[in-house]
Amino acid sequence: MSTGGHTHLGMPRVRGIESAVLAQPAFDALRPPDPDLLDDCVHCGFCLTTCPTYQLWGEEMDSPRGRIDQIRAAAQGAPLTAATVGHLDACLGCMACVTSCPSGVQYDRILESTRAQVERRVTRPRRDRALRRLIFSLFPYPTRLRALRGPLRAAQRSGALGLVRRSGLVGRVSPELDVMQSLAPPLGPRVTVPERTPAVGTRRAVVGMLTGCVQREFFGDVNAATARVLAAEGCEVVAPARQGCCGALSVHTGREEEGIGFARRLIDTFEEAGVETVVVNSAGCGSTMKDYVHLLADDPAYAERAHAFSDRVRDLAEFLHELGPVAQRHPLRTGGLGGPELTVAYHDACHLRHAQGVVSAPRELIRGIPGVELVEIPDGEICCGSAGVYNILNPEPATELGDRKAASILRTGAELLVTANPGCLMQITQALERAGRPLPFVHTASLLDASIRGVPVR
């Protein structure tokens, strides 16, 4: 595999773009990076210790401040070179730099606008275009994922998928496709959520619920647990059947117009549902939905509606913490794990911790379960390497980050691992399996659901 820049210890860094057609001037007039936001960076270096790619390679150009320098140069007339695009592609968009920056640099806004420019202005190599076309013609469409689900489950149950993995054939043809097939979780019967779930006891709120794309088709049990927890806490839950993708994957990779289309349709759907709050159980989705106010700021038909919508979006843990618990919690039963107390490690999804700033709420909810001891993961602010579709587009650095995260988790001695994002769950599960020390790993909703119902954690 070729690289778009330097290598580190002989390891290809990211997918190369040497044959791409590059644009000059670099940026067009459609929402280029804001010079004022670029000038906020004072090169203090606080971002370096939390940037995953700087931690991997120690390259200034692969740090947030280094990328900002390259973006500023392009904004001032420098060509958009293959090396620059390579350094930008290498960024996970984890936003750890945002929370570590004392100057309040809005790197998230800078990166999002720059990636939209790159996708419009750069013609990538044919192989890269084909891979991206495959990803974005599949993952944002639940009905297409559902069509894939049956054959995939059959291949898992028959052992054919395991045989293909062990052969290494797919990896020799395409490391990216190998990652796609290896990340798939074990599939059971498809679980769905009713369009309306009544509140248990006194109704305290009416909430909409995003069912998602990958979450809906591959982690339907998490959605079902989410609806049960909300209902147990006195919420009537509305999950419109016609809802589609929120646009997160598209927006995070620069496919701005595609993301805007998804955002408009989702706003329409939940406006028609007439809900007070929209609850999200996937960190990346929630981050994007809260940012519709910026994504649709120039849309005269949607700007005000997007602002009102973003104000109504809450992460599940954030909402439950604000609402306050009323449902009784029972000690967790884990099918043989632990004794009177269960040691739980909570993994912060980047788009929950750094992009949404939701840090204490999930921890407080976990601590509210009787008999649970919560332990912190060392270097917990560093990304696991999932980052939307980053682990597919850039499998080698993503694998190294996943292995580092797995090692940090194992040092905690935890018996159970909890997170709030399907991408993290798949990425870290695979890394723990590579380490030969798999751990039970569940979504926050599944943990709370098991405690409220008094059933074993599954």
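In this predicted model, in which local features need pLDDT of at least 70, side-chain atom pairs count only at pLDDT 80 or more and totals for chains, interfaces and linings use all residues, the axes of helix α13 (residues 220-232) and helix α19 (residues 316-323) come within 11 Å and cross at roughly 10 degrees. Axes are lines fitted to C-alpha atoms, for helices over the stretch in contact, and angles run from 0 to 180 degrees between N-to-C directions; helices (H or I, at least four residues) and strands (E, at least two) are DSSP runs, numbered from the N terminus. The crossing angle makes α13 roughly parallel to α19, a term used for angles under 35 degrees. Contact, meaning heavy atoms within 4.5 Å, is made by Thr 226, Val 229 and Leu 230 of α13 with Leu 316, Phe 319 and Leu 320 of α19.

Strand β1 runs antiparallel to β3 (residues 235-238), to which two bridges join it, and Thr 197 stands opposite Val 237 in β3.

His 347, in the loop between β6 (342-346) and α20 (350-353), is buried, with a relative accessible area of 1%, where buried means under 20% (1.4 Å probe, protein chains only). Residues are numbered from 1 along each chain as its sequence is written, and side-chain values use heavy atoms, with hydrogens and water left out.

Technical notes
Parallel < 35°, antiparallel > 145°, perpendicular 65-115°, else oblique. Buried < 20%, exposed > 50% of the residue type's maximum accessible area, 1.4 Å probe, protein only. Pairing = 2+ DSSP bridges.
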